[in-house]
Amino acid sequence: MSAEWTQSGAEILLRALKDQGVEVIFGYPGGAVLPIYDALFKQNAIRHVLVRQEGGAVHAAEGYARSTGKVGVVLVTSGPGATNAVTGLVDALMDSIPVVCLTGQVPTHLIGNDAFQEADTTGITRPATKHNYLVKRAEDLARVVHEAFYVARSGRPGPVVIDLPKDIVINPAPYAEPAVQHPSYRPRTEPDLGQIAKAVTLMKQAKRPMIYAGGGVINAGPAASEALTKLARITGFPITNTLMGLGCYPASDPQFLGMLGMHGTYEANLAMHGCDMLLAIGARFDDRVTGRLNAFSQHSQKIHIDIDGSSINKNVPVEVPIIADAGKALNALLAAWQASDEPTDKPALASWWRQIDEWRGKQSLKFTQDMQRGGIIKPQYAIQRLFEITRARGKEVFITTEVGQHQMWAAQHFHFEQPNHWMTSGGLGTMGYGLPAAMGVQIAHPDACVIDIAGEASILMNIQEMGTLAQYRLPVKVFILNNQYMGMVRQWQELLHGSRYSETYSAALPDFVKLADAFHATGMRAHSVDELDSVINAMLDCPTAVIADIAVDQAENCFPMIPSGAAHNEMLLGPEHEASGAGVTDAGMALV
Amino acid sequence: MVDVMPTTTDTTQRSATISVLVDNEAGILARVVGLFSGRGYNIDSLTVAPVDAGGLYSRMNIVTSGTSMVIEQIKAQIDRLVPVHRVADLTMDGPHVARELALVKVIGTGEQRVEAMRIADTFRARVVDTTLGSFVFELTGNTDKIDAFIELMRDLGLAEVSRSGIAALARGTRVI
Ligand SMILES: Cc1cc2nc3c(=O)[nH]c(=O)nc-3n(C[C@H](O)[C@H](O)[C@H](O)COP(=O)(O)OP(=O)(O)OC[C@H]3O[C@@H](n4cnc5c(N)ncnc54)[C@H](O)[C@@H]3O)c2cc1C
Ligand SMILES: Cc1ncc(C[n+]2csc(CCOP(=O)(O)OP(=O)(O)O)c2C)c(N)n1
Ligand SMILES: [Mg+2]
């Protein structure tokens, strides 16, 4: 503990960041943070990446965080800098991504005065963050920074804002080491062994078991994914992942039923519907997953492992709640399963698998690609080829996405074997997430292949970040499935609003090849199926950033689909299948 | 630590008195109130004040209502706020005492005034201010008692009411 006041607040801030292991900050300067930028200029330990809009900084920090397991760090100025960051903060909050966002603020004596570029940042970001701080005394500065990192990464991770008045960063401040223990925030991570025993009893007795694993397993670190894989193998249970959980279980494994939920596979959703024991791990029973709640997995006894007590019994009541870190709980389950001599019902499990394989036989993700010269590219096929070609090349691949149909097709047709390689905006569904997120991933993994699977509408939301790619020579590949529509919205209009395509045509699109050129990147285009592979290969061979504009079938819809307000067994299958499902009810029309 | 949770889908509404021990810092009230408004929970009454010699901690007492699943959710949501040390549902955890204070202004003369005074006596309300045409009564008790008193004053010149919201503690040796 050094209590001398020999360094400025800005220097103390950077020292605390360094002690927290920060290597890179995504930011954008302005008046209120000038002293911090001055201190950054005078040091080399921490790298600063200049984005083109503050919203991009937060998504970049999210991509960095999700692909490394570290805390992402953002620095923005007061007022408009802070307000531009808000969407990214809410995105990180919804998807449990650890981010620390430093915001400039007017000097303490001007706070509340409608000063130039003043915004009530702590007020605005209170419901947008896991926690936020306004530093009003120099003595608090170092402690608050350490605390912010602890809060961002502990328990259920999330974004934390530190609002820094200009005088606080200019004036001298004392340093303080990270505290040993936080006074109030100490989330529970160890499972209750009595509950683990109860869980194992339910699992052993199950005739139709099902594992439903989500983003919390990824939050718990790669070891948790390994423990999950072991548990699934040792029990022989089928397993599904949420959109956020993809990669926490190897997609190539025969026990994997694919993603569940609104655009999940037939087998995953029917297995959820029909199971008699549901083991949920780090998944929050989101409405995209459950469909109509009163019809959701009605005949199962449920075990729910989550580090956040508020995720348990929120939407779906469960028999065995376990508040714990997913990794620790999975290890405890493994140990208890192995120690128990209770028998399992092997014949029942075998007949459950026969049923699942029958559902699988439906091939709910099936599509037909016209392979003739000039054939229109099916978006699913574009993703499938992207997956096959990148896998054949063997280089490590990270995928980010924007939001829409392309995101769902990516989730369905790109397959992940490891955690932390799939970055998507699930909870908030933020168009414009994918490009800056890819930027953050590429900063963290300079040698890897980072691809943003995009829609032509979403990509325009943060297209300015192409400038950042150029400045830092980040060879991110933007793979646009260009259907000339806000396809996901158009799909709902087709299915629910009599094909009245109100304002969903992507009119006056830029020429993406020229746009790439203008941003010092390489542009390429595939018009038809015969051009697809060569464009994908050229994109992957290209040493610079690329925008690949892939013209895809404008009319294609994303199936399977559980319409809002419907149950898992009422899912709509695509045109490849005979009519199915119950359609949308009036109550369902009101849902999003 | 909010731990064992009931798993009922019972839709009957109940009232809950929730006490929360928090860091006494700027913004904590906004955090808790914002949580309630943002998630659509009810606040029937709310009190907050520092409760230790050093002024480091405040206690909030919140009266809310909902199904038992919602009330468990409210507790869990409060519990995960960073500056929150402890949360207890006094209604569920066993017997507790809850009291509030009300100041009640009654304006009137003659027989009305005499009757107001008589009723105040039976309720053990104190007169804390008086003029020839008015009284301010001070009354403490549980919410029902205060409601009853105010109801009776309605015909006797009730002019204004100011209530503190409830303060509550578990009975016996239990502490939050
Ligand atoms: C257009 C669109 C369509 C979508 N369609 C689907 C769909 O079909 N299917 C689908 O699944 N999703 C879909 N989503 C995403 C959906 O909205 C949710 O974001 C997603 O289902 C939530 O995933 P999750 O349950 O894994 O929870 P997450 O949001 O990843 O939350 C993680 C949970 O784990 C807990 N946790 C965190 N850390 C730990 C830890 N260390 N240990 C234990 N627990 C921990 C958290 O408390 C939380 O409860 C869609 C999104 C969009 C934008
Ligand atoms: C910031 C933001 N605004 C609006 C939406 C609503 N929305 C969801 S998907 C979508 C269309 C996306 O179009 P595109 O990027 O072309 O993807 P596609 O569905 O065509 O693959 C819209 C407008 C959103 N998710 N995010
Ligand atoms: Mg589109």
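## Residues around ligand 2

By class, the shell around ligand 2 is made up of eight nonpolar, eight polar and one charged residues. The structure is a predicted model. The shell has 17 residues, and those that come nearest to the ligand are A:Q405, A:H406, A:G429, A:S458 and A:G487.

Two helices of chain A, α16 (405–413) and α19 (487–496), each contribute at least two residues to this shell. The largest contribution is that of α19(A), which gives three residues.

## Polar contacts and cover of ligand 2

Oxygen atoms of ligand 2 take part in polar contacts with side-chain and backbone atoms of chain A. On the side-chain part, a polar atom of A:E456 lies 3.1 Å from an oxygen atom of the ligand. On the backbone part, a polar atom of A:Y485 is 2.8 Å from an oxygen atom of ligand 2, and a polar backbone atom of A:M488 is 2.9 Å from an oxygen atom of the ligand. On its own, ligand 2 has 590 Å² of accessible area, and the protein covers 77% of that area.

## The second largest pocket

What is the volume of the second largest pocket? The value is about 640 Å³. Its lining consists of 24 residues. Nearest the centre of the pocket are A:Y133, A:L134 and A:R143 from chain A, together with B:E25 and B:A26 from chain B.

Which elements of chain A each supply at least two residues of this lining? They are the strand β6 (131–134) and the helix α6 (141–153). The largest share comes from β6(A), with four residues. Sorted by class, the lining of the second largest pocket has eight nonpolar, six polar and ten charged residues.

## Chain A as a whole

Chain A contains 22 helices and 20 strands. Its radius of gyration is 25 Å, close to the 25 Å that the globule rule gives for 592 residues, so chain A is as compact as a globular protein of that length. The C-alpha trace of the chain spans about 75 × 60 × 45 Å along its principal axes.

Technical notes
Residues are numbered from 1 along each chain as its sequence is written. Chains are lettered from A and ligands numbered from 1 in the order in which they are written. This is a predicted model: local features need pLDDT of at least 70, side-chain atom pairs count only at pLDDT 80 or more; totals for chains, interfaces and linings use all residues. Side-chain values use heavy atoms; hydrogens and water are left out. A residue is near a molecule or strand if one of its heavy atoms lies within 4 Å of it. A polar contact is a pair of N or O atoms within 3.5 Å; within protein, one must be able to donate a hydrogen and the other to accept it, and residues adjacent in sequence count only if both atoms are side-chain atoms. Accessible areas come from the Shrake-Rupley method with a 1.4 Å probe; for residues, only the protein chains shown count as cover. Ala, Val, Leu, Ile, Met, Phe, Trp, Tyr, Cys and Pro count as nonpolar, Asp, Glu, Lys and Arg as charged, and the others, Gly among them, as polar. On a 1 Å grid over the protein atoms alone, a cavity is a set of points where a 1.4 Å probe fits but cannot get out, and a pocket is an open set with protein on both sides within 12 Å along at least five of seven lines; lining residues have an atom within 4 Å of a point. Grid points are joined across faces, edges and corners, and a volume is the space filled by probe spheres set on the points. The radius of gyration is taken over C-alpha atoms; the globule rule is 2.2 Å times the number of residues to the power 0.38.
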